[in-house]
Amino acid sequence: MQFASGFNLASRGPSGLSGKILGRPHMPLNGGATLEGTARYRKRFQGVAAENHFRLAQNRWLSSIGIGTYLGEANEETDARYTEAVVRAVELGANVIDTAANYRFQRSERSIGVALRELSERGFARDEIVICTKGGYLPFDGAPPPDVRQYVEDTFVKPGIAGFADIASGAHCMTPRYLQSQLSQSLANMGLDCVDVYYVHNPESQLSAVSAEEFWKRLRAAFEFLEDSVASGRIGNYGVATWNGFRAEPDAGGYHSLEQMADIAKEVAGAEHHFRFIQLPFNLAMPEALFFQNQKLGDQYESAVEAARSLGITVIASGSILQGQVARGLPEAIREPLGSLATDAQTGIQFVRSAPGITTALVGMGQREHVEENLHLVGVAPADPDDLLRVFDEE
């Protein structure tokens, strides 16, 4: 399963609208999330949010639930719903917003940009909100173009942003020049001059096309660019967002060593490097991040969550309800240990946000109604770790 929209250069996309989603020009919102700003946001919910809904990570206060923007049609109606959903999520206590350049052909980033301006008008400052995006997959612009290969050639190859040899599996690139282009594009889409977390998106996509030696060389070059971007104030921290990389067996072709990534970051920038986030799927059906000891750290193997904690890296969970697949039909043996909540969606989210070592559970929420249902959990304390284990003991 691939948690991102990709395409193959050999294929031809369907005909359809290919223009940009146009908006009125605006000055960028300056700066990024800060300790002071996120503490101010947390204080807004004093007496409303349960203890440990907000977690201190990388000198910022992050909500235990964040809004994801992956799914949905590429149309103006969905754009408007996402804008409304993001605004409502921030109003109700979720200050982590996650997106990517290729989500809905850049439309998700642009919807977030509209939402951020509305939130600014409602009194929420930029420094209160943690905004995360990703670069790696080659994104379309608003809709699939009639000729995919021609689009790639015109958009990336002819301007010198990426060569065909840089593009793995017809869809993925992480060279410094490409990431520079994508970061600039994402900032423009959202009307920002800084994002708080910038992820290399599914870097395991490269491993089907290049050797392990070449992969690590490319990742090192990407980290060098990202450290430079921190120094220039365009990003706060960086990381990798994966689907399979941190869940695979150590001898699998798409496996990622978190220790090796951290070592590269140290080689590039020393102990004060900014490789401080990873994102990986974690939910009731995919609990490997917590229980599968596949990450070698020194002379022993630990789970991805344990390894990240040892390395000072924050873990963000994607796919918290697996696109709704673990949000219905849950047995009482799972519901009861997690508090017998009103809905199965709340139960699935509660499992993820309660897991030790998971800072934020990302949930795709493209409608106001889903935001209001799911963020009822802001006022509910996370489950006890012992109750979390009972979920599996009683299955």
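1. A residue is called buried if its relative accessible area is under 20%, exposed if it is over 50%, and partly exposed in between, with a 1.4 Å probe and protein chains only; helices (H or I, at least four residues) and strands (E, at least two) are DSSP runs numbered from the N terminus. On these terms, seven of the seven residues of strand β8 (residues 275-281) are buried, so the strand is largely enclosed by the rest of the structure.

2. This is a predicted model, in which local features need pLDDT of at least 70 and side-chain atom pairs count only at pLDDT 80 or more, while totals for chains, interfaces and linings use all residues. Residues are numbered from 1 along each chain as its sequence is written, and side-chain values use heavy atoms, with hydrogens and water left out.

3. Two strands are said to pair if DSSP finds at least two bridges between them. Strand β8 pairs in the parallel sense with β7 (residues 235-241) over four bridges, where Phe275 of β8 is the bridge partner of Tyr238. Strand β8 also pairs in the parallel sense with β11 (residues 314-318), over five bridges, and there Leu280 has Ala317 of β11 as its bridge partner.

4. Together with helix α7 (residues 258-269), strands β7 and β8 make a right-handed β-α-β unit, right-handed meaning that, with the strands pointing away from the viewer, the path from the first strand over the helix to the second runs clockwise.

5. The protein has 13 helices and 12 strands, and buried residues make up 57% of its 395 residues. The C-alpha atoms fill a box of roughly 55 × 55 × 40 Å along the principal axes.

6. Phe105, in the loop between β4 (96-98) and α3 (107-121), has a positive phi near 55° although it is a residue other than glycine. Ser169, in the loop between α4 (148-157) and α5 (176-190), has a positive phi of about 55° and is not a glycine; at 41% relative accessibility, Ser169 counts as partly exposed.
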